[in-house]
Amino acid sequence: MGAVLAAVLAASLAGCSSTGGKRAEERAAQQAAEGRSAVNTPRWTFAMVTHSGDGDTFWDIVQKGAQQAAKKDNINFLYSHNDEGQQQAELVQTAIDKKVDGLIVSLAKPDSMKTVVAKAVKAGIPVITVNSGSAESKAFGALTHIGQDESIAGEAVGDELNTRKREKVLCVLHEQGNVGHEQRCAGAKKTFGGTMQNLYVDGTNMPDVQASIEAKLDSDKSIDAVVTLGAPFAAAAVKAKKTAGSKAEIDTFDLNASVAAGLQDKSLGFAVDQQPYLQGYEAVDLLWLYRYNQNVLGGGLPVLTGPQVITRDDADALAEYTNRGTR
């Protein structure tokens, strides 16, 4: 098994280059086609429960990463989601009742998740938090947190807006009660030299999102940038800008094929990538390493997957990966 683990870790390191990553992907695809994994450890069951709403492309990418790691690690992977905190907690309880061997959760609404995560830890189920909740992860008993620090990511946005000489910015929050979203806008406001205003919209109603942004841009022509907090909302902002006759630059958190295309055609200025594929992949892989070898990464600190500011120049290089749904 020592040789197997070394081979798996070597494959992970090879993924740092495009050639190594392609070869690793080809090996994994061949192994999956042959019905075998890269390890011979027990068939453990890991559950991931997130705060995703229906049809969220960001979480589709997270799942792809998790599923790829699960195939490699001989893991039975279960995924469920709900964007309401209480319902998400109930899904976690269901996973506990199934006596899963590992649990991955997001903590966008930590108050709703605290008790049930504590139940999982008490039951002896190792927990890794992902994406949201880096500040609460350790206190809740999780092994580590994988994602970007939302405040740091926000600060990077503020710095980029300064570089682009923006003066008045609208930060669009699409999910009420999501602590990560508040941290993003607060971080941007902290480093941005101009003025920034928050706009709260109903992210489950895209026409409403577009109408709300359009109304703000129409009533205040001095707004010269709009920052959305998720890739799908960038497209709505672009439409709102056009209808309002605004000259504001549209920027966004997160990356997908649509955002990459927007960067290439200049309808978007920049995007902040937190590498969701990596969040899913590493969450499963680190749970496997913990079950197999009691390994823990981070030393009590989050394992950061971002932020990375992506511009038009970067989008060209990433197009292949965004088109296949892994970036």
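This is a predicted model: local features need pLDDT of at least 70, side-chain atom pairs count only at pLDDT 80 or more; totals for chains, interfaces and linings use all residues.

User: Fine. How much of the protein chain counts as buried?
Analyst: Of its 327 residues, 49% are buried.

User: And how many helices and strands?
Analyst: The protein chain has 13 helices and twelve strands. Those are DSSP runs numbered from the N terminus: H or I with at least four residues for helices, E with at least two for strands.

User: What share of the contacts comes from residues 24 or more positions apart?
Analyst: They make up 72% of the contacts with a separation of 6 or more. Contact here means heavy atoms within 4.5 Å.

User: Let's zoom in on helix 5. What is its span?
Analyst: Helix 5 covers residues 110–122, 13 residues, and runs 18 Å from first C-alpha to last, close to the 18 Å expected at 1.5 Å a residue. The expected span is 1.5 Å times one less than the number of residues.

User: Where is the kink in helix 5?
Analyst: It is centred on Val116 and comes to about 25°. The bend at a residue is the angle between axes fitted to the seven residues ending there and the seven starting there.

User: Which residues of helix 5 are buried, and what do they pack against?
Analyst: Pro110, Met113, Val116, Val117 and Ala120 are buried. The buried residues of helix 5 pack against several elements, including helix 4 (85–97), strand 3 (102–105) and helix 8 (179–191). After helix 5 comes Gly124, with a positive phi near 85°.

User: Switching to charges. How many salt bridges does the search find?
Analyst: Eleven in the whole structure. A salt bridge is a side-chain nitrogen of Lys or Arg within 4 Å of a carboxyl oxygen of Asp or Glu. One of them joins Lys72 and Asp285, at 2.7 Å from N to O.

User: Why does that pair matter for linking parts of the chain?
Analyst: Lys72 sits in helix 3 (residues 57–72) and Asp285 in helix 12, so the pair ties together parts 213 residues apart in sequence. Both Lys72 and Asp285 are buried.

User: What about Glu150, which residue does it bridge to?
Analyst: Arg184, with the closest N and O atoms 2.9 Å apart. That pair also links distant parts of the chain, with Glu150 in helix 7 (residues 150–163) and Arg184 in helix 8, 34 residues apart. Glu150 is buried at 4% relative accessible area, and Arg184 is buried at 4% too.

User: Which residues are in the salt-bridge network with Glu160?
Analyst: Arg164, Arg166 and Glu249 are linked with Glu160 in that network. The Arg164 to Glu160 bridge is 2.9 Å, N to O. Arg164 is partly exposed at 23%, whereas Glu160 is buried at 16%.

User: Last topic, aromatics. How many pairs?
Analyst: Three in the whole structure. Phe58 and Trp59 are edge-to-face, 5.4 Å centre to centre with 80° between the planes. Rings of Phe, Tyr and Trp (its six-membered ring) pair if their centres lie within 6.5 Å; planes under 30 degrees apart count as stacked, over 60 as edge-to-face, and the rest as tilted. Phe58 is buried at 9%, and Trp59 is buried at 3%.

User: Why is the Tyr277 and Tyr281 pair called stacked?
Analyst: Because their ring centres are 6.2 Å apart and their planes are at 20°. Tyr277 and Tyr281 are four residues apart in helix 12 (residues 276–293), about one helical turn.

Conventions: Residues are numbered from 1 along each chain as its sequence is written. Side-chain values use heavy atoms; hydrogens and water are left out. Buried means under 20% relative accessible area, exposed over 50%, partly exposed in between (1.4 Å probe, protein chains only).
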